[in-house]
Amino acid sequence: MSDAFVSAFDLADDPSGSKAKAVGEELLTMDMSVKRAMDAGMTPDEMKVAQAARAAVQAAQRVVEALSRTAG
């Protein structure tokens with residue numbers, strides 16, 4: 001994961017889309033990692049946490065996509 005902080009304002013003010021692309025790639029990596037862990041098997045309680053984490057990552061992906069559309 002990147003150590004650099006990227007705010008929503010940074011993403012909205014990024015005409016090239018490079019920041020949004022980098023954040024989107026990190027979020028995709030997170031999503032795939034959680035999905036792999038879920039597929040490997042978890043207790044019911046762990047699965048609830050993983051599902052919530054995955055939903056949060058996917059929501060963040062939608063926000064990044066929306067902000068990158070407004071940047072152009």
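**View 1. The buried residues of helix 3 pack against helix 1 and helix 2.** This is a predicted model, in which local features need pLDDT of at least 70 and side-chain atom pairs count only at pLDDT 80 or more, while totals for chains, interfaces and linings use all residues. Residues are numbered from 1 along each chain as its sequence is written, and side-chain values use heavy atoms, with hydrogens and water left out. Helices (H or I, at least four residues), like strands (E, at least two), are DSSP runs numbered from the N terminus, and contact means that heavy atoms lie within 4.5 Å. The residues of helix 3 that are buried are Ala 50, Val 57, Gln 61, Val 64, Leu 67 and Ala 71, where buried means under 20% relative accessible area, exposed means over 50%, and partly exposed lies in between (1.4 Å probe, protein chains only). Helix 3 has 28 residues and spans 41 Å from its first C-alpha to its last, close to the 40 Å expected at 1.5 Å a residue; the expected span is 1.5 Å times one less than the number of residues.

**View 2. Helix 2, with its 23 residues, reaches 33 Å from its first C-alpha to its last.** This span is close to the 33 Å expected for helix 2 at 1.5 Å a residue. Buried positions in helix 2 are Ala 20, Val 23, Leu 27, Asp 31, Val 34 and Met 38, and the buried residues of this helix pack against helix 1 (8-12) and helix 3. As background to such a list, an α-helix has 3.6 residues a turn, so residues three or four places apart point the same way. Just after helix 2, Gly 41 adopts a positive phi of about 110 degrees.

**View 3. Helix 2 (residues 18-40) and helix 3 (residues 44-71) have axes that come within 9 Å and cross at roughly 160 degrees.** That angle makes helix 2 roughly antiparallel to helix 3. Axes here are lines fitted to C-alpha atoms, for helices over the stretch in contact, and angles run from 0 to 180 degrees between N-to-C directions; those under 35 degrees count as roughly parallel, over 145 as roughly antiparallel, 65 to 115 as roughly perpendicular and the rest as oblique. The crossing of helix 2 with helix 3 is left-handed, a term used if the near helix is turned anticlockwise from the far one by less than a right angle, with right-handed used if clockwise. By class, the contact of helix 2 with helix 3 has 12 nonpolar, 5 polar and 3 charged residues, with Ala, Val, Leu, Ile, Met, Phe, Trp, Tyr, Cys and Pro counted as nonpolar, Asp, Glu, Lys and Arg as charged, and the others, Gly among them, as polar.

**View 4. Leu 11 of helix 1 is shown with Val 64 of helix 3.** Leu 11 is buried, because its relative accessible area is 5%, and Val 64 is buried too, with a relative accessible area of 10%. Not counting residues up to four places away in sequence, Leu 11 touches Val 6, Lys 19, Ala 20, Val 23, Val 64, Leu 67 and Ala 71. With such neighbours again left out, Val 64 touches Leu 11, Ala 20, Val 23, Gly 24 and Leu 27. Leu 11 and Val 23 are 12 residues apart in sequence, and their C-alpha atoms are 9.1 Å apart in space.

View 5. Asp 31 is buried, since its relative accessible area is 8%, whereas Leu 28 counts as partly exposed at 42% relative accessibility. Leaving aside its neighbours within four places in sequence, Asp 31 is in contact with Arg 54, Val 57, Gln 58 and Gln 61. The C-alpha atoms of Asp 31 and Gln 61 are separated by 9.5 Å, and those of Leu 28 and Gln 61 by 7.8 Å.
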